[in-house]
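Good morning, and thank you for coming. Please keep the sequence and the model in view as I speak.

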Amino acid sequence: MWCVPHPIEPNHTLILLDTEGLGDVEKGDNKNDTWIFALAVLLSSTFVYNSMGTINQQAMDQLHYVTELTDKIKTKSSPSTEQMNDSMEFASLFPDFVWTVRDFILELEIDGQPITSDQYLENALKVKKGTSEEARLCIRKFFENRKCFIFVPPAHGKKLKQLEELHDDELDVDFVENTKNFCNYIFNDAKTKTLPGGGIVNGPRLGNLVLNYVEAITSGHVPCMENAVLALAQLENSAAVQRALTLYEETMRQKVQFPTETIQELLDVHAICKREATQVFIKDSFKDMNQEFQTTLEIQLEAKLDDFRQHNKRESLDRCTALLQNIFGPLEEEVKQQAFSKPGGYGIFLQKKQELISKYHQQPKKGMQAEKTLEEYLKSKETVADAINQADKILTAKAKEIEEQQRRAQAAADAARELEIQQRRQEQIKLENERRQQEQLRQMAANMEAQRKRLLAEQEREQARRLQEQAQLLQEQQRRAIAEQQLQIQNLQAQCHHRHSRNDCIIS
């Protein structure tokens, strides 16, 4: 086997399968040649039969293997009842037939008229009387597309022993031209190997076909094209299913951010990934009869979806569990430290718990198990909450009892203090009354003294007034007396003057 990139067709590989020669007497078993001939027909898209000299009766006799093809190859696994249908089936499935004649030295002509190599082959395949009629008929029936190439000797004389070392320009010109024509035909006209029912044969398929056909031959069975294709379809479709499943898993893991908040988010991505996986399967699948493998793929995709559902739940559970441990961890530590073992501690505990629940709800990417995980966590802590509640009730009752005792003691102290205040107030009132009485007495004394002094002053003023009046009266009397005396004196003086004028008068 030689495998080379096709020189013309891109993304194609040109494979040459070279078999050992047929009719070797040293092999001693003609069945070997028949199976080699059958394998070559089964595996090739262009079957090249190589012979020497001319296409004569001897050459036809050596091609008797073609008459055994119907016994060595089956197209269907179930036996066919119509030979004509078998022949038509073979013709549609068999490769193109190319007969190459080496060292051809004759002229290509019939009845003196030049002919082509293809006409030469068709003329040789005409039914003639003799023993090789069946071979001719089988070639014509089984190989609808036939071609013939004639090769003159590549060199002459001693050069024939040095063919491997000769360059093209040292070979016979016609031989080089014949070879070029043959290669051009193979490059341009040789068909891509296809399988019955369609489907191009690639490297893995060719390998599986070889294994299937050889296994059938070595186990004593007749190679069956249908079985080989079904086996190939089984392998390829199984592989296509696995590739589609792998793509689905990889794409899901890439596109889904676990955990999802809703199941619909997961289902939406699943629908996209399922569509892509199904497209890959359809592209890679081969002869999926009744969509058996596609149905299997769909079933396995649903199973994978269930796995992702479970994975989504686990991721959500793990995420939520970690969040709860992180958020409620400090609260649990406070519980261990008996921080809430006090009156009113249960209320404080509930308030903190509610704050932490709100904080938990605010955390993103918790997934669908968020509420269930929280509910289960809170339920698991109910006994702790109940214990805190009971302790709170007992401590609160005790605190109330102490508070009542303190209230009563305080009330008694307040009453005593109030009594003391009242007593002090009464004492103050008494002292105030006494002070007021003393003040009143002092004021009365002062008033009496003032009144006495006022009376004395009034008496003194009255006395002074009277004395003043008496003095004034006395003075007035004295003034009047003096005035009267002066008047008397004046009168006397007047009289004296009058008398003096008349007589001297002496006044003493």
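**Helix packing and aromatic pairs**

Helix 11 and helix 12 pack with their axes 11 Å apart, at an angle of about 160°. Please bear in mind that this is a predicted model. With an angle over 145 degrees counting as roughly antiparallel, helix 11 and helix 12 are therefore roughly antiparallel to each other. The crossing in which helix 11 passes helix 12 is right-handed. On the side of helix 11, the contact is made by Cys320, Leu323, Leu324, Ile327, Phe328, Leu331, Glu334 and Val335. Helix 12 contributes Phe349, Lys352, Lys353, Leu356, Ile357, Lys359 and Tyr360. Sorted by class, this contact of helix 11 with helix 12 has 11 nonpolar residues, four charged residues and no polar ones.

Let me now bring in helix 13. Helix 12, residues 345–362, and helix 13, residues 370–380, pack at an angle of about 160°, and their axes are 12 Å apart. That angle makes helix 12 roughly antiparallel to helix 13. Helix 12 passes helix 13 in a crossing that is right-handed. Which residues meet here? From helix 12 they are Lys353, Ile357, Tyr360 and His361, and from helix 13 they are Ala370, Glu371, Thr373, Leu374 and Leu378. By class, the contact of helix 12 with helix 13 has five nonpolar, two polar and two charged residues.

The remaining pairing is that of helix 11, residues 292–336, with helix 13; they pack at an angle of about 40°, with their axes 9 Å apart.

I turn next to the aromatic rings. How many aromatic pairs does a search of the whole structure find? The search finds 18. I shall present two of these pairs.

In the pair of Phe94 and Phe143, the ring centres are 5.5 Å apart and the planes stand at 40°, so the pair is tilted. Phe94 lies in the loop between helix 4 (83–93) and strand 4 (96–102), and Phe143 in the loop between helix 6 (133–142) and strand 7 (146–150), so the pair ties together parts that are 49 residues apart in sequence. Phe94 is buried, its relative accessible area being 7%. Phe143 is also buried, with a relative accessible area of 0%.

The second pair is that of Phe104 and Tyr120. Their ring centres are 5.4 Å apart and their planes stand at 70°, so this pair is edge-to-face. Distant parts of the chain are linked by the pair, with Phe104 in the loop between strand 4 and strand 5 (109–110) and Tyr120 in helix 5, residues 117–124, 16 residues apart. Phe104 counts as buried at 3% relative accessibility, and Tyr120 is buried with a relative accessible area of 14%.

Phe94 and Phe143 also belong to one aromatic cluster, together with Phe37, Phe47, Tyr49, Phe97, Trp99 and Phe142.

I shall finish with two single residues. Val229 lies in helix 9, residues 225–255. Is Val229 buried or exposed? At 3% relative accessibility, Val229 counts as buried, because the limit for that class is under 20%. Not counting residues up to four places away in sequence, Val229 touches Leu195, Pro196, Phe286 and Lys287. From Val229 to Leu195 the distance is 7.1 Å in space, C-alpha to C-alpha, while the two are 34 residues apart in sequence.

Thr278 lies in helix 10, residues 263–284. Thr278 counts as buried, with 14% relative accessibility. Its neighbours within four places in sequence left aside, Thr278 is in contact with Gln294, Leu297 and Leu301.

Thank you; I shall be glad to take your questions.

Key:
Residues are numbered from 1 along each chain as its sequence is written. This is a predicted model: local features need pLDDT of at least 70, side-chain atom pairs count only at pLDDT 80 or more; totals for chains, interfaces and linings use all residues. Side-chain values use heavy atoms; hydrogens and water are left out. Axes are lines fitted to C-alpha atoms, for helices over the stretch in contact, and angles run from 0 to 180 degrees between N-to-C directions. Helices (H or I, at least four residues) and strands (E, at least two) are DSSP runs, numbered from the N terminus. Angles under 35 degrees count as roughly parallel, over 145 as roughly antiparallel, 65 to 115 as roughly perpendicular and the rest as oblique. A crossing is left-handed if the near helix is turned anticlockwise from the far one by less than a right angle, and right-handed if clockwise. Contact means heavy atoms within 4.5 Å. Ala, Val, Leu, Ile, Met, Phe, Trp, Tyr, Cys and Pro count as nonpolar, Asp, Glu, Lys and Arg as charged, and the others, Gly among them, as polar. Rings of Phe, Tyr and Trp (its six-membered ring) pair if their centres lie within 6.5 Å; planes under 30 degrees apart count as stacked, over 60 as edge-to-face and the rest as tilted. Buried means under 20% relative accessible area, exposed over 50%, partly exposed in between (1.4 Å probe, protein chains only).
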